[in-house]
Amino acid sequence: MGNCNCRACLREPLAVKIQSGKDDNVKLKQLQYLLAKVLPVLRDIYTEQKRELEIETAIRGVPVTESDVIKCEIHPSVRIYCDLCSTSIANFLRSCQNQDCSSDICLSCCNELRDGESFSSWKLNSDGTIPCPPKERGGCGTSTLELRRLRKRDLVQKLITDAEELTQQFKPHDLDIAHECSSCSDSITRQAASRKNGHDNFLYSPNALDLAEDDNAHFQSHWMKAEPVIVRNVLEKTSGLSWEPMVMWRACREMDPKAKCKGEAKAVKAVDCLDWCEVEINIHQFFDGYLKGRTHQNGWPEMLKLKDWPPSALFEERLPRHNDEFMSALPFFDYTDPESGILNLATRLPDGSLKPDLGPKTYIAYGFHEELNRGDSVTKLHCDVSDAVNVLTHTAKVDLTPRQYQRIRREQKSYAKAQLRKQQENKSLGEVDKDEIILIESEEDLKNCNGLLGEHSLKDKTAKEEPSNSIAGPSSSQEVDKLFFSKGESMEGSSSTYSCTVAMESSHDPKVDVGLITQENVTVKQESVADENHNDVCLKTERLSPKYPNEDGPTVENRLMMPTLPSTPPWDEEDRPPQRVVSTSAESIQEQKLDAPTETNESSKAVHGGAVWDIFRREDVPKLVEYLKRHKHEFRHLYNEPLKSVSHPIHDQSMFLNESQKKQLKEEFDIEPWTFVQHLGEAVFIPAGCPHQVRNIQSCIKVALDFVAPESVEECLRLTEEFRRLPKDHRSNEDKLELKKIVLHAARSAIREAQDLMQTKTVKKDRKGSSN
């Protein structure tokens, strides 16, 4: 069948079904729809340029038109960024003519200077001209910035005129945002929220097998309202290629069997969710842990997330068959097709231009069905500047023994007590903020410790709370001391200002403190790293290869024939750490026979799913930001330390709301996210501008793709403006999407295509009339 995992088949291209051609009338309506959506952005660009021409007229004392503005000759593959705010420049800019400087400044920064915003030593000249920024801001401080343009004369004005003419007879669908969708039935919806008087508590969730190729109208009615969409069974439309992790690894290796794959085959970089530090681990060990689980020395689940794999190359180059399989699974291809999607604005960039990296990208992570509230496998709260679709292609459930569950519960208690003792010690020295004090007087208080256990801690099936006289783990004062998490230097803003090297030298590694790894197993690597969504993580690299004495261990080929690593701790009953036996009562004996914990929250009700999603509405963002700022000290990030300061509580991507915090958010601000479980073969569509977070409840492989829909263009522009105001060294400051450039090219391409269709339509009509 040409669909097995042998070398020959992995190297064969996959036959992808070619989408059928569209009717010209349908295509014309889609192009008109696209132009109607981008017109407001075109008008904003034109208004900004017109204002700058008026200012230039006042400076020169004579009328200035676009013909009088010198055009810069640049190669299409060159990106022009503002040297102050890092925003991409689409057309007008002010540039320094000093050959030793050549600073480029966007119109937004120029307007902010004129409007009186403080730029310290950068001041407006008395005649209204703008000097080049001083040297400390990247300029020369001597020359005057001159107005320049990057595009053809009067391009934006002509695009607006043509777009208005083409959309004059176009009537968009009326959108009723005050009521539930009349086209939705129980069979194609999924409840994701319980807002009072809410008309959007149910999300559109069709079956991929029931969707027609051009079935966009229903999707658009929800996408225009910025509602997520969940499409079920998308993998049922594919050829059935295996997404098993070892198959993907073999396919990646076989595509380039000679060269640089060898180094990548031995070790990969992952992020440890316990402290958000980078670790280096043998790839076979990582995938073995993906399937069977890994634990730290104290029995705590080890949650690793593989970042940027396959590395050093594009997904479609290293995994071409999986790329084709993924593309064939995507519904609503008019939006998602990265090559020819008629409603995907990113596809309309001209050949030769530098295009944004919109994927596909794979995200591989371990998972645990219960919320641990420390070291959970999560993607923290963040907001994307473009739309995205995320497909869950593989899951693996890791089963733990009752003994492992007991050890996890003991570690939770020990950790909470250690935190309490540390706070009490700091309080005695006058070093603790009274708002951070946590008093643990009962089992219920222990469960509700902020940032420690959360409301839904691990519970036993046969006992809701552990008897005080039960068999406990190590409880000596030395053990409690060992569980302390010491603070490193304070983190200001992004992780680039926080050095885990300093923390390690000061013995501030939480894994060392709690006995998870030994100090000599840690090596330091001075480079900034990021997780699947560019999370901030520590500047540290660990070698995780405990089973092999040499650094690289046996070859990967040999390891495929070796028995897998055990997921349980490397000791049995005889040589396990000593425990103090307090009682052998019936209650204590019963506790040792406990099975998995009782499943109490939304995430644990569907353990067969792969990940729990929380997606917030755009209109709730202001309240969400206010809540996060108010409670920022309750969140932990690098080295599991409390956040001391934030640049932006969402864009920093350093916070994750657990179940109790989401309830608190509901009580204080009366907002809640859409919360649902993503199952195998489901595609989740996330609108641009909707903050979201994800927690993996099983080991998961997801593949994601970004796109730019016409309905989201204005929101993308708003986010771009929001990002440019972040600190220059912020992870989200750089304008990687270049939305204004995309809009200009998309409008020009769509206008040309629509005009050709209308001309063809006219010619056919004339021929038909003459024949009659």
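Tutor: Let us begin with aromatic pairs: rings of Phe, Tyr and Trp, with the six-membered ring taken for Trp, count as a pair if their centres lie within 6.5 Å. By that rule a search of the whole structure, which is a predicted model, finds 14 aromatic pairs.

Student: What makes the pair of Phe332 and Phe685 edge-to-face?

Tutor: The ring centres of Phe332 and Phe685 are 5.7 Å apart and the planes stand at 65°; planes over 60 degrees apart count as edge-to-face, so the pair takes that name. The two residues belong to distant parts of the chain, for Phe332 is in the loop between helix H10 (320-329) and helix H11 (333-336), while Phe685 is in strand S18 (residues 683-686), 353 residues apart. Both Phe332 and Phe685 are buried, and both belong to one aromatic cluster together with Phe219, Trp223, Tyr335 and Phe707.

Student: How do you know that Tyr627 and Phe669 also form an aromatic pair, and which kind is it?

Tutor: Their centres are 6.3 Å apart, which is within the 6.5 Å limit, and with 90° between the planes the pair of Tyr627 and Phe669 is edge-to-face. Since Tyr627 lies in helix H20 (residues 621-630) and Phe669 in helix H21 (residues 659-669), the pair ties together parts that are 42 residues apart in sequence.

Student: Why are Tyr627 and Phe669 called buried?

Tutor: Buried means under 20% relative accessible area; Tyr627 has 0% and is therefore buried, and Phe669, with 10%, is therefore buried as well.

Student: How do the helices H20 and H21 that carry this pair meet?

Tutor: The axes of H20 and H21 come within 11 Å and cross at roughly 115°, and the crossing is right-handed. On the H20 side the residues are Lys623, Leu624, Glu626, Tyr627 and Arg630, and these meet Gln661, Gln664, Leu665, Glu668 and Phe669 in H21. The residues of this contact divide into four nonpolar, two polar and four charged.

Student: Why are H2 and H4 called roughly antiparallel?

Tutor: Helix H2 (residues 24-60) and helix H4 (residues 155-166) pack at an angle of about 150°, with their axes 9 Å apart. Angles over 145 degrees count as roughly antiparallel, and H2 and H4 are therefore given that description. The contact involves Gln32, Leu35, Leu39, Leu42, Arg43, Ile45, Tyr46 and Gln49 of H2, and Val156, Gln157, Leu159, Ile160, Ala163, Glu164 and Leu166 of H4. Sorted by kind, the residues of this contact are ten nonpolar, three polar and two charged, and the crossing of H2 and H4 is left-handed.

Student: Is Lys741 buried or exposed, and how do you know?

Tutor: Lys741, which is placed in helix H23 (residues 739-771), has a relative accessible area of 7% and is therefore buried, given the cut-off of under 20%. Leaving aside residues up to four places away in sequence, Lys741 touches Ala90, Arg151, Leu349 and Leu354.

Student: How many residues of the whole protein count as buried?

Tutor: Of its 772 residues, 56% count as buried, in a protein that has 23 helices and 20 strands. Among contacts with a separation of 6 or more, 78% are between residues 24 or more positions apart.

How values were computed: Residues are numbered from 1 along each chain as its sequence is written. This is a predicted model: local features need pLDDT of at least 70, side-chain atom pairs count only at pLDDT 80 or more; totals for chains, interfaces and linings use all residues. Side-chain values use heavy atoms; hydrogens and water are left out. Axes are lines fitted to C-alpha atoms, for helices over the stretch in contact, and angles run from 0 to 180 degrees between N-to-C directions. Helices (H or I, at least four residues) and strands (E, at least two) are DSSP runs, numbered from the N terminus. Angles under 35 degrees count as roughly parallel, over 145 as roughly antiparallel, 65 to 115 as roughly perpendicular and the rest as oblique. A crossing is left-handed if the near helix is turned anticlockwise from the far one by less than a right angle, and right-handed if clockwise. Contact means heavy atoms within 4.5 Å. Ala, Val, Leu, Ile, Met, Phe, Trp, Tyr, Cys and Pro count as nonpolar, Asp, Glu, Lys and Arg as charged, and the others, Gly among them, as polar. Rings of Phe, Tyr and Trp (its six-membered ring) pair if their centres lie within 6.5 Å; planes under 30 degrees apart count as stacked, over 60 as edge-to-face and the rest as tilted. Buried means under 20% relative accessible area, exposed over 50%, partly exposed in between (1.4 Å probe, protein chains only).
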